[in-house]
Amino acid sequence: MTPAARLSAAIEILGAIDAQRIPAPNALKEWGTAHRFAGSGDRAAIAGLVFDVLRRRASSAWLMDADTPRARLLGMLRLERGLDADAVAALCDGGRFAPDPLTDNERAALTSRSTKDAPAHIAGDYPEWLDPQFATVFGDERVDEAIAMASRAPLDLRVNTLKANREKVLASMKHLGARPTPWSPWGLRIDLGADARNPGIHSEEAFIKGGVEVQDEGSQLAALLSGAKPGEQVIDMCAGAGGKTLALAAMMQGKGRLIATDHDKRQLAPIHERLSRAGIHNADVRTPRGPDDTLSDIKASADLVVIDAPCTGTGTWRRNPDAKWRMRPGALEVRIKDQAEVLDRAAGLVKPGGRIAYITCSVLPQENNAQVKAFTARHPDYEVLPTERVMSPLWDKADDFAAATIQSVEGLLMTPRRTGTDGFFVSVLKKAG
């Protein structure tokens, strides 16, 4: 397919998303099924166009002064891909399979309009109802923070120190353009271009042998800052597919007891194979069965409970831009309730002197600072550890990392703009001894 034909396909898919109100991955899959002539490179490029439009949906429509699939795609080419009016016109020449030529109004918009005077939620491409929350966290910098959350994320990997070391894995993945991540001592990063295909990590020898896992650097750091140590009893209460469970196990060096569970047993399905491939033997996966409490035998005996809390996922919008436009206030209210419940449940599992590591992949204050404040008010036997103590596992990078994050009494916040990671909030609470 020509670049122009890919634009036409993207416009068609965006129209289907609008008309059918379906998630973008579903629309892309349906289009691919109906157009089997499109190769993997074509599908990757078209998906990149669609997701870039979703990342910059509001600002692109504002730029073009029209909210249609075509207008949003044209605006995105200017705002996200950096194409000028002549470059866009060359792609939209009305030829075979190409979009129709630019109208005079479209060319004028691409040439003279900008988002300089747009409202913050338009310039930053996020739902208007979230503007008060973004203002609380980021203030006048919320547009810049949100734009960073709307750019494509790199592919981050975590080296499994139980089986490999970063230098050797890095050497084996030089052909993919891998480089060390700036903060995590275990991380590798592969930057992805606008039309890049998945680099096929799952076919790499290092992955097959359990030496590396796909995991955003922010998620790696959240696990690292939990402070899990060899010989401890650690509970991962919201383990899901096991990303942080694997990182915690590596930190524990196979020593101690690691329990992984999740209220949704479907989320746990991949964890068994991942633990086996990673060479982890001290993990006990507890799958919910009926109403029985999977942690009923743990009575104030855990050294550390890690809560990778259910949240809105606002910190991961650059990986899932479709989600931000589908998010509704009711979903936030449900998540806040879920978070409070899991925190209260964890409180009774921790032994005197033990810790809770509360983690979200959200930037919203209701899910982060407000939750921690409310928890310590309900449980006065817990106190928030100072961020300088929490960041001690970063050693010589701790000061620079502290300067990059947003710190508060309740914890620290990473963002794509400040730390180059997904948005993660981390708070470590210690129970009185």
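Predicted model: local features only at pLDDT ≥ 70, side-chain atom pairs only at ≥ 80, totals over all residues.
Trainee: Into which domains is the protein chain divided?

Mentor: The chain is divided into domain 1 (3-114), domain 2 (155-214) and domain 3 (217-431), and the C-alpha centres of domain 2 and domain 3 lie 23 Å apart. The contact between these two takes 21 residues from domain 2 and 24 residues from domain 3.

Trainee: What makes the pair glutamate 213 and arginine 274 a salt bridge?

Mentor: The side chains of glutamate 213 and arginine 274 come to 3.0 Å, N to O, and a salt bridge requires a side-chain nitrogen of Lys or Arg within 4 Å of a carboxyl oxygen of Asp or Glu, so the pair meets the definition. Between domain 2 and domain 3 the count is 3 salt bridges, alongside 16 residue pairs in polar contact, both residues being at pLDDT 80 or more.

Trainee: Which element gives the most residues to the side of domain 2 that touches domain 3?

Mentor: Strand 1 gives the most, with 3 residues, and the residues of that side of domain 2 divide into 9 nonpolar, 6 polar and 6 charged.

Technical notes:
Residues numbered from 1 in each chain as written. Heavy atoms only, no water. Domains from an automatic or database assignment. Contact = heavy atoms within 4.5 Å. Polar contact = N/O pair within 3.5 Å; in protein donor to acceptor, adjacent residues only side chain to side chain. Helix = DSSP H or I, 4+ residues; strand = E, 2+ residues; numbered from the N terminus. Nonpolar A, V, L, I, M, F, W, Y, C, P; charged D, E, K, R; others polar.
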